[in-house]
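Subject: Model handover, sheet pairing

Hello,

Below is the model we discussed. My notes on one of its sheets follow.

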Amino acid sequence: MMADVKNTEKEEIVNSNFIHDFIDEDLAEGKYSKIQTRFPPEPNGYLHIGHAKAICINFGVKEKYNGVCNLRLDDTNPTKEDTEYVDAIMEDIKWLGFNWDNVYYASDYFDFIYECAIKLIKNGKAFVCELTPEQMREYRGTLTEPGKNSPYRDRSIEENLDLFKRMTDGEFPEGSMVLRAKIDMASPNLNMRDPIIYRIMYAHHHRTGDKWCVYPMYDFAHPLSDAYERVTHSLCSLEFENHRPLYDWFVNELIEWEKPRQIEFARMNLNYTLTSKRKCLKLVQDGIVSGWDDPRMATLSGMRRRGYPAEAIRDFCERIGVSKAYSVIDFALLEACVRDNLGASSPRAMAVIDPVKLVIDNYPDDKTEDIECEYHPDHPEYGSRTMPFSKELWIERNDFMIEPIKKYRRLFVGNEVRLYKAYFVTCTGYDLDENGEVCCVHCTYDPETLGGDAPDGRKVKGTIHWVSAEDSRPAEIRLYERLFNVENPSDEEGVSSFEDNLNPDSLVIAKGYVEKAIADCEVGAKYQFMRNGYFCKDKDSTEDMPVFNRTVALRDGFKIAKQN
C-alpha cells in the first residue's frame with residue numbers, strides 16, 4: 001500500500017520496490033552470490049524518523065534475500081562524534097526490531113584506507129595540495145565553467161609520499177595542506193574535480209585516541225569501507241547520486257575484488273519536522289526541548305518516549321514505499337499509523353485531564369461500589385479491573401456547560417447522561433468558586449440504571465467517563481503537539497528561521513487524575529485514555545506523581561497556523 005504524499009514537483013507512485021528489482025537483476029546475471037548491505041550512520045547525533053526509512057530498507061533487503069546487514073559507525077570526524085551517540089544508535093535499531101550481523105566502525109579500516117591513499121599517490125592519482133580553502137574554491141570552477149589545476153598537482157610521486165608522511169607525523173598545522181585525488185578539473189560533475197581525500201585534524205578520536213592526526217574524508221572512506229566489508233549493494237539517499245561517479249572511481253582504482261553497487265532512493269521528507277542534526281542539536285543546546293529524547297523531537301528516542309510503537313513506524317515506512325521521486329509526507333499519515341496500532345493493542349483506562357468535581361447528591365454518603373471494566377473489548381486476554389464508584393467523582397471540565405451550545409449532549413442543568421459502565425445521572429446544579437469558575441457539578445442518579453441501561457428503555461445521548469475522587473491518583477498529563485506550526489520549519493534561504501516557527505502549544509502540562517489501577521504501571525506502558533487519546537507513562541514519573549505523555553489524540557485535531 002502506498003501513501004498519499006504531497007509532491008512539490010510531480011507525483012510518482014512506485015508500486016514495486018525498484019531496489020529489489022536492481023538486486024534481482026544482479027542475482028540473475030550472477031554478479032553476486034550473497035547479498036550484503038549495511039546501515040552506516042555517523043555517531044554525531046541521535047537517529048531520526050528519516051533514518052528509520054534507511055534502516056527498514058537495508059535490513060529489509062537482508063530479510064528478503066536471506067543476506068547480511070551490518071551496522072557501521074562512520075566515525076571519520078572525531079570533533080563531532082561521541083560514544084553517547086553510538087549507544088543511542090544501537091538502542092534505536094534494536095527498538096525498531098532489527099538485528100545487525102556485525103558491528104563495524106570506519107575507524108576499524110583507518111590503516112587500510114591510509115594504504116589506499118598511499119596506493120593512489122604511487123599510481124600518480126593523488127597529490128598533496130597547499131591551496132587555502134578560499135583558493136581551492138576559486139580554482140574549483142562553477143557548474144558552467146571548468147576548474148583549473150592546482151599549482152601543486154604535478155608534484156612528483158616521491159615528494160607527495162614524503163609530504164603525506166610528514167602530514168601523518170604531525171609536522172604541519174591544520175588547514176595547511178590536504179591530500180587530493182587527481183581526477184579531472186574539467187569534469188561537469190564538481191565532485192570529480194580533484195576532491196580532498198585526507199585532511200589534517202588534531203583531535204582525540206573516541207576509539208583510536210591520538211594515533212592519527214590525518215583523517216579520511218567521507219567520500220573516500222565510505223566506498224572503501226563498503227568494499228572492505230564485501231558489501232554488495234550500498235543503499236543511500238538521493239543526495240549522494242551525484243557522488244556515485246566518485247564512489248565508483250575510488251572502487252575501480254583501488255579494489256581488486258567484488259565491487260559494491262551504489263543505489264539511491266528518495267529520502268524521507270516529513271512536514272512539520274526538522275531532521276537536520278545541526279538544527280536538532282541547537283534545539284537541545286538552547287533549551288527549547290528537554291533533550292534529544294524530548295517527545296516533540298523527530299528522533300526515534302523522542303518518538304519512543306512519546307509512546308510511538310516501533311511497529312507503527314515500520315508500518316509507516318512500508319506505506320510510503322521506496323521511490324526516487326522527491327516528495328513530502330504528511331505528518332498525519334505517521335499519526336494515523338500510530339493510531340491504528342495503538343487502537344488495536346492498547347488497554348483502555350480512565351483518566352480525567354482537566355478535572356471538575358461531580359457530586360451525586362442522592363447517592364449514599366458511605367457507599368462504594370466496584371464497577372467492572374474490561375481493558376480492551378477485542379482482547380479478553382487483557383483481563384479487567386474494578387473501578388470504585390462513590391458519591392464524589394472527577395469528570396472532565398468540558399463535560400459540563402452552564403449555557404450549552406447547539407447539539408451539546410453532555411451535562412447541563414436538566415440533562416441526563418450516562419456515566420460509563422455505571423449509572424444515568426441528571427444534572428441539577430453547579431457551584432462557582434471565588435473566580436467565577438465552576439468548581440462542582442451536582443446531579444442525581446437513577447439506581448435502576450447500573451451498567452448503563454435503563455429498565456424502562458429510555459435513552460440518553462451522551463456518555464462521559466469519570467474517576468473516583470477518593471480512590472484515583474493525581475497525575476501530570478503532558479499534552480504534546482507538533483513542535484512546529486508550519487509545514488516547512490527550516491531556515492533555508494527564503495524561509496524564516498526555524499525557531500520563529502515553533503508552536504507555542506507544542507507542550508501543555510495538565511494536572512489531572514488517573515484510575516488507581518494504572519498509576520503504578522511501568523515506564524513506557526501505553527493506554528488509551530477513554531475519549532482523550534493514547535498515552536504513555538514517562539520516565540519522569542515518581543512514586544507520588546506518575547507522568548503520562550499524550551502520544552496522539554483519538555483523531556487529528558492539529559490546527560495549522562495562520563500566515564500573515
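The model is predicted, with local features needing pLDDT of at least 70 and side-chain atom pairs counting only at pLDDT 80 or more, while totals for chains, interfaces and linings use all residues. Residues are numbered from 1 along each chain as its sequence is written, and side-chain values use heavy atoms, leaving out hydrogens and water.

That bridge belongs to strands E18 (residues 416-419) and E19 (residues 424-432), which are antiparallel and joined by three bridges. Strands here are DSSP runs of E with at least two residues, numbered from the N terminus; two of them pair if DSSP finds at least two bridges between them. E18 and E19 make a hairpin with four residues between them, and Lys 421 in the turn has a positive phi of about 65°.

E19 also pairs with E20, antiparallel, over eight bridges. One example is Thr 426, whose partner in E20 is Thr 444. This hairpin has five residues between the strands, and Gly 436 takes a positive phi near 80°.

E20 (residues 438-446) pairs in the parallel sense with E14 (residues 355-360) over four bridges. Ile 360 has Cys 443 in E20 as its bridge partner.

These strands sit in an open sheet of seven, ordered E21-E18-E19-E20-E14-E17-E22, with mixed pairing. Its edge strands are E21 (463-464) and E22 (467-468), each pairing on one side only.

Regards
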